[in-house]
Amino acid sequence: MPTLVIKNPDGSQQEQDVAEQLTIGRSEGNDLILSEGGVSRKHARFFLEGEALLVEDIGSANGTWVDGEKIAGPTKLSSKSQIVIGDYEIQLKLGTKSLPRAKNAGVKPSKEPTAANGKAVRAQPPRSTRVVQAIKEKPAGGGITKRPGPQRASGPQLRGLTGGVTGKTFPLKGTLTVGRVAGVDLQIDDDSVSRRHAELVVQGREVTVKDLGSANGTTVNGAPISDDTILSAGDIIQFGVVEMMFETGSASASGPRAPIARAGRGAPERPARAPIGGPSDSLDGASMSPEPAPMDPALKKKLIFGGVGVTVFLVILWAIAFNAEGERVDTGAIPLSTGKKVRPVAAERTIEEQIEDLLAECRTYSNSEHGSPDWARAEAACNKVIELEPIHQEANALVKRISVLKVCEDNMNRGKEQVAGGQLEGALDSFAKIGKDCEGYLLKTLGASKESVKEVMKRAAADCKAYASNAKWDLAYKRCELWSRLWCQNVDASQLYPPALMKMKLDGPLNPKTDWRPAEPLYINFLKAREKMKPGEPMWMCPEIIAFRPPPPPPDPGKAAKEELAKRYPEPEIGRALVFYFEGRFADAPVPLQKIRENIGKAQYHETANGLLLDINNAINLYENGTSEITNDRPERAESAFLKALAVDERLVLGERAKTLPPEEKKRELERRTSFVRRNIVETMSRTAYEKGKNLADRKDFRAACRIWKLGSNFSRSNIDLLKALTNVCTKKAEEAWQRAETCEQLKATLDFAVDGDGIKEKVAEKMAGDGCI
């Protein structure tokens, strides 16, 4: 039976058997719950096919990665496979017997040992996280963010575990406000954190946290909080989706902290303290340290009297401060001689801040792009804004938009239910009510109604033909009209209405100069039935049903370019040649130019034709030479020919403007006017470079792989696989090589991995200059 070895974000490991199938996610109902960052509610599935173990992503947000590649379907695993799910690394161990499963629903067994006795403890239940619009500073490519263990500190502090605060520590003193905007005491630049999110208060040895009405909430060990909550060492606090660990700074914090089982979603449980002088945690149970010597009685007496004196002094000081007149301080804590602090009055959130947070909540819950909207929450948030500011323009607009979209969703859902119940014509009536204002639902409706439209048209066409053939005009009118309403949504107006100055004639011979008749027989049947049932009515017009009309095709990016090329020169044949080249018609492109050269009557264009003919032939030859090298899997040898071809292509496509346009504007123009040659060079080089680099990386030749990947990125920065390889492999290898480099040669070798924008090149250059490397 295969066993999965799961490496947790904190470095500990656990094992899990795979019998027939194992589902992984952060929510209840999965076979294995992984509750740390990056794991979706239902993330992945491991299953057996014969003797082989496969993994499949089941619609997760961040994907499932195998050997550095994001998988798109079931993927076979080997004992060397490296699987990444969120912040977890997983490897396969074959032929071993795993630990038994836990019986408690939703809490899976862990093989992570405690610091005390090395025995297994249960993993924590998943922490609650609300949906937010964006999460900043995620690790690129689904990589693992290592969570550093707690270290010794001089006082209480928070240590960042996720997001942009990962690994950072924040000392806690007095009263601190946590939020997203500048001016707060602890600023977290993350969209899930509100402007003024939570408040931390240090009073003596006690530290409390409370939520300040944030949009996405504050939790302690997965339990949502609102009022003051006392923190214990090792507690995990989550502001929005950003997690931080509370550390007391005591000596015990310097070692690894044993995992603490939490009690559901309630208040966090504290670990039981071992009695002082009790048995140690060594294997034989014997104490490893001698018992402390008894204290001298005289010294003990002095300490008692000294403590009483200090206490009396503090009470007097507190009474003086409490009764003293003066302004109340609300911007910081007042230090006393004892080091204690008086808790200031928390500043209230301004109306503007409350409105901003509520608007963000309203937008999030009314967004249909990331699942089903929560209309009730969205309306509640927007209505709170209107209570604070009745004429708030965006809030009122959002409320109106929500009311419209709710109707759109109801119509779409009703139509789906009617389709499931076989009421196809009723379903089409429901779908037809979804109009232009139903943004986000039109494409969904088009897909949901497609098969129903076909079936209804098929039935209506048969009835229309039968009734019209038997002169049953009342019945024919209804069925032919239904067919015509659906048919006309996707036909040109020229098939529906007569041209100007011509009249419609449904029977008898046609005068080609004055008469017009539709080509579609069923449409003719409908128009005849309409004349019989409603004589004298004006011309029938096709009703616009947006839900049944596919969106218009995207504009042809090359159309404007070809129009400009055709008109660039007064001689039309020159324009034809440039358009042929732009479209990749290599055999046709030189012909118009050759004809101009042979025509003595167009001698004024001979010089222009000669220059363009030379450029077109050069571009074609260079393109074909580079393509030949690509065919032989030599992208590094194709680079020179392709770069020269692109330089010639630039002159042909942009003309004289190529000499005067600034680099950035020239780049944008070429992206808008991409010729056949440029498009194929860019796509071919980026794809071939990625594939060859991957083969080299599979053979562990990462230096050569990164050289090839960087070569491909010089031609295209839009190949996602190529960019992931550069980020996940080359930048990582460059950082490792930089850390190890001690000589000038080693520094130069680091540049083989360095990628533009990762900062390694700048570090190497500065180090080499400082070391006098040539």
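Biologist: How much of the accessible surface of the protein belongs to carbon and sulfur atoms?

Modeller: This is a predicted model, to start with. Its accessible surface comes to about 43,500 Å², and 53% of that belongs to carbon and sulfur atoms.

Biologist: And what makes a residue count as buried?

Modeller: The cut-off is under 20% relative accessible area. Of the 774 residues, 40% count as buried.

Biologist: Why is the set around Trp483 called a nonpolar core?

Modeller: The name goes to buried residues of kinds such as Trp, Tyr and Phe that are joined through side-chain atoms within 4.5 Å. The largest such set here has 52 residues, and those with the most contacts inside it are Tyr441, Trp483, Tyr523 and Phe548.

Biologist: Which residues is Trp483 in contact with, leaving aside its neighbours within four places in sequence?

Modeller: Met457, Ala460, Ala461, Glu520, Leu522 and Tyr523. Apart from this core lies another, of 39 residues, including Leu578 and Tyr623.

Biologist: On to strands. How do you know that E10 and E11 pair?

Modeller: Pairing takes at least two bridges. Strand E10 (residues 82–85) and E11 have four, in the antiparallel sense, so they pair.

Biologist: What pairs with E11 over five bridges?

Modeller: Strand E1 (residues 3–7), also in the antiparallel sense. There, Leu4 stands opposite Leu92 in E11.

Biologist: Which residues of E11 make up its covered face, and which its uncovered one?

Modeller: Tyr88, Ile90 and Leu92 are on the covered face of E11 (residues 88–93), while Glu89, Gln91 and Lys93 are on the uncovered one. In a regular strand, side chains alternate between the two faces of the sheet.

Biologist: What makes E15 and E21 edge strands?

Modeller: They belong to an open sheet of six strands in the order E15-E14-E24-E23-E20-E21, with antiparallel pairing. Strand E15 (169–171) and strand E21 (223–225) each pair on one side only, and that makes them the edges. From one strand to the next, the twist averages 30 degrees.

Biologist: How do you know that E21 really pairs with E20?

Modeller: E20 (residues 218–220) and E21 share three bridges, and at least two are needed, so they pair. Val220 stands opposite Ala223 in E21.

Conventions
Residues numbered from 1 in each chain as written. Predicted model: local features only at pLDDT ≥ 70, side-chain atom pairs only at ≥ 80, totals over all residues. Heavy atoms only, no water. Axes fitted to C-alpha atoms, helices over the stretch in contact; angles between N-to-C directions. Buried < 20%, exposed > 50% of the residue type's maximum accessible area, 1.4 Å probe, protein only. Contact = heavy atoms within 4.5 Å. Areas by Shrake-Rupley, 256 points an atom, 1.4 Å probe, with all protein chains shown as cover.
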